[in-house]
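My plan is to look things up one at a time and write down what I find.

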Amino acid sequence: MTHNDETVATPGVESEAELAFEGALRPKSLDEFVGQQKVRGQLQLLLRAAEMQNRTADHILLAGPPGLGKTTLAMIVAHESNRPLRMSSGPAIQHAGDLAAVLSSLLPGEVLFIDEIHRMARSAEEMLYLAMEDFRIDIMVGKGAGATSIPLDIAPFTLVGATTRSGLLPNPLRDRFGFTAHLEFYDESELEQVLVRAAVMLDLEIRSEAIAEIAGRCRGTPRIANRLLRRVRDFALVNDVSASRDAVRAALELYDVDQLGLDRLDRAVMHTMLTRFDGGPVGLNTLAVSVGEEAETVEAVVEPFLVRIGLLTRTPRGRVATRAAWEHFGMAERNSTLFSDEL
Ligand SMILES: Nc1ncnc2c1ncn2[C@@H]1O[C@H](COP(=O)(O)OP(=O)(O)OP(=O)(O)O)[C@@H](O)[C@H]1O
């Protein structure tokens, strides 16, 4: 998932330092993994059953917005079941041959993680059906009328697929996962736990009100929580102040993160809806073009949170701003004149 403009709150554009920090922070076990209680319980059962029967665990699909812990959970699945992990991603699999190379070199019992699995090539998807079901692939040899397919057995494996857009997966692929976990946005107390853990790792002394302030502004997303914490750490360091609630407010204001955690892109989407489309309904593609962003990013990154906090609804006729949205931006409903200098 990418988008063009680097903002502190929207997931997608990571510097090397951010990625290294993220890696160090990843919980290693289901017990360390904060929140998502239901999913954790379901995964625990699935892994335990496989272990008791000495077989590979069923294939797992992890669905949800970016930064909620899909990659982390894939790593935990491998770690908890004591299996090696192979990582790939949909955009890296543009031909069936790319997938054949990965599948044919898997070790027995290996966990194969495919991130953004909805972006894999169609031809590879078809190969994956057979591999998931029968641990076999058909390799095509030759071209045209003389082409033949040679069956090749592959090692049993567990596929962990991650997607921000499960609706885009074809049914035959979705049906072959033994378990689908829908990851939810985190509540504030869970985010506080994530932040306390990260502060300890950063060796940052921070007050509990400051932690609570960040937890309320990180879009329900652990990745953003960790990133905002780093910006607060920077702010405290450079200004030689303690990491207090005031420091959090000042740092987040500097980075354009408002009280609800909305960042520049969230606000651009809402601003466009309210001022240019009178609150909607407006179609996804029109909205995306108007804010200069890809429709996929608006749909998978921006909208889920705006829907969750009640600023936007999806209707069959398009996206509609709610009354709460008009209020949050201090505008009278369907009055487009009050807002022109906001962004
Ligand atoms: N439940 C959690 N408890 C603690 N930390 C978490 C949790 N979930 C995610 N994190 C932290 O958030 C960061 C992002 O998580 P992760 O990379 O797993 O998200 P993702 O859903 O795979 O995102 P994307 O879809 O963008 O790949 C990691 O640094 C991880 O440590």
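**Entry 1: Thr-71**

I note at the start that this is a predicted model. I began with Thr-71 and found it in helix H3, residues 70-80. Is Thr-71 buried or exposed? I looked up its C-beta neighbours inside 10 Å and got 20. The cut-off for buried is 20 or more. Thr-71 therefore counts as buried. Next I looked up its contacts, leaving aside neighbours within four places in sequence. Thr-71 is in contact with Asp-115 and Ala-162. I also checked the UniProt record, an unreviewed entry, where the annotation "binding site" covers Thr-71.

**Entry 2: the rest of the annotation**

Which other residues does the "binding site" annotation cover? The unreviewed UniProt entry lists, among them, Leu-25, Arg-26, Gly-67, Lys-70, Glu-133, Phe-135 and Arg-223. I then looked at how they are spread. The annotated residues span 199 residues of sequence, and they reach up to 36.9 Å between C-alpha atoms.

I picked two of them to compare with Thr-71. Glu-133 lies in helix H5, residues 122-134. Glu-133 has 12 C-beta neighbours inside 10 Å, so it counts as exposed. Phe-135 sits in the loop between H5 and strand S4, which covers 136-141. Phe-135 has 16 such neighbours inside 10 Å, so it counts as partly exposed. Not counting residues up to four places away in sequence, Phe-135 touches Asp-153, Ile-154 and Pro-156.

**Entry 3: around the ligand**

Which residues come nearest to the ligand? I found 24 residues around it, and Pro-66, Gly-69, Lys-70, Thr-71 and Thr-72 come nearest. Helix H1 (16-25), H3 and helix H9 (222-239) each give two or more residues to this shell. I sorted the shell by class and got 11 nonpolar, 8 polar and 5 charged residues. I also checked domains. Domain 1 (36-182) and domain 2 (188-254) each supply at least three residues to the shell.

**Entry 4: the whole chain**

I stepped back to the protein chain. It has 14 helices and 9 strands. Its C-alpha atoms fill a box of roughly 70 × 45 × 30 Å along the principal axes. How does the radius of gyration, 22 Å, fit with 343 residues? A compact globule of that length would have a radius near 20 Å, so the value for the chain agrees. Of the 343 residues, 38% count as buried. I looked at contacts between residues at least 6 apart in sequence, and 70% of them join residues at least 24 apart.

The chain is divided into domain 1 (36-182), domain 2 (188-254) and domain 3 (264-328). The C-alpha centres of domain 1 and domain 2 lie 36 Å apart. In the unreviewed UniProt entry, the annotation "domain: AAA+ ATPase" covers residues 56-187. That span is 29% helix and 27% strand, and its end C-alpha atoms lie 33 Å apart.

**Entry 5: helix H8**

I moved on to helix H8, residues 208-215. Which of its residues are buried? I found Ala-210, Ile-211, Glu-213, Ile-214 and Ala-215. An α-helix has 3.6 residues a turn, so residues three or four places apart point the same way. I then checked what the buried residues of H8 pack against. The partners are helix H7 (188-202), H9 and helix H10 (245-254).

Most residues other than glycine have a negative phi, and most peptide bonds are trans. I looked for exceptions. Phe-135 is not a glycine, yet has a positive phi of about 50°. Arg-219 is not a glycine either, and its phi is positive at about 55°. Arg-219 is in the loop between H8 and H9. With 29 C-beta neighbours inside 10 Å, Arg-219 counts as buried. I also found a cis peptide bond joining Gly-280 and Pro-281, with omega about 5°. Pro-281 is in the loop between helix H11 (264-276) and helix H12 (284-291).

**Entry 6: Arg-317**

My last stop was Arg-317. Where is it? Arg-317 is in the loop between strand S8 (312-315) and strand S9 (318-321). It has 10 C-beta neighbours inside 10 Å, so it counts as exposed. Arg-317 and Met-140 are 177 residues apart in sequence and 45 Å apart in space, C-alpha to C-alpha.

Technical notes: Residues are numbered from 1 along each chain as its sequence is written. This is a predicted model: local features need pLDDT of at least 70, side-chain atom pairs count only at pLDDT 80 or more; totals for chains, interfaces and linings use all residues. UniProt positions are given in the numbering used here, feature names are shortened, and annotations may be inferred rather than shown by experiment. Helices (H or I, at least four residues) and strands (E, at least two) are DSSP runs, numbered from the N terminus. Two residues are in contact if their C-beta atoms, placed from the backbone, lie within 7 Å. A residue is near a molecule or strand if its C-beta atom, placed from the backbone, lies within 6 Å of it. Ala, Val, Leu, Ile, Met, Phe, Trp, Tyr, Cys and Pro count as nonpolar, Asp, Glu, Lys and Arg as charged, and the others, Gly among them, as polar. Domain bounds come from an automatic or database domain assignment. The radius of gyration is taken over C-alpha atoms; the globule rule is 2.2 Å times the number of residues to the power 0.38.
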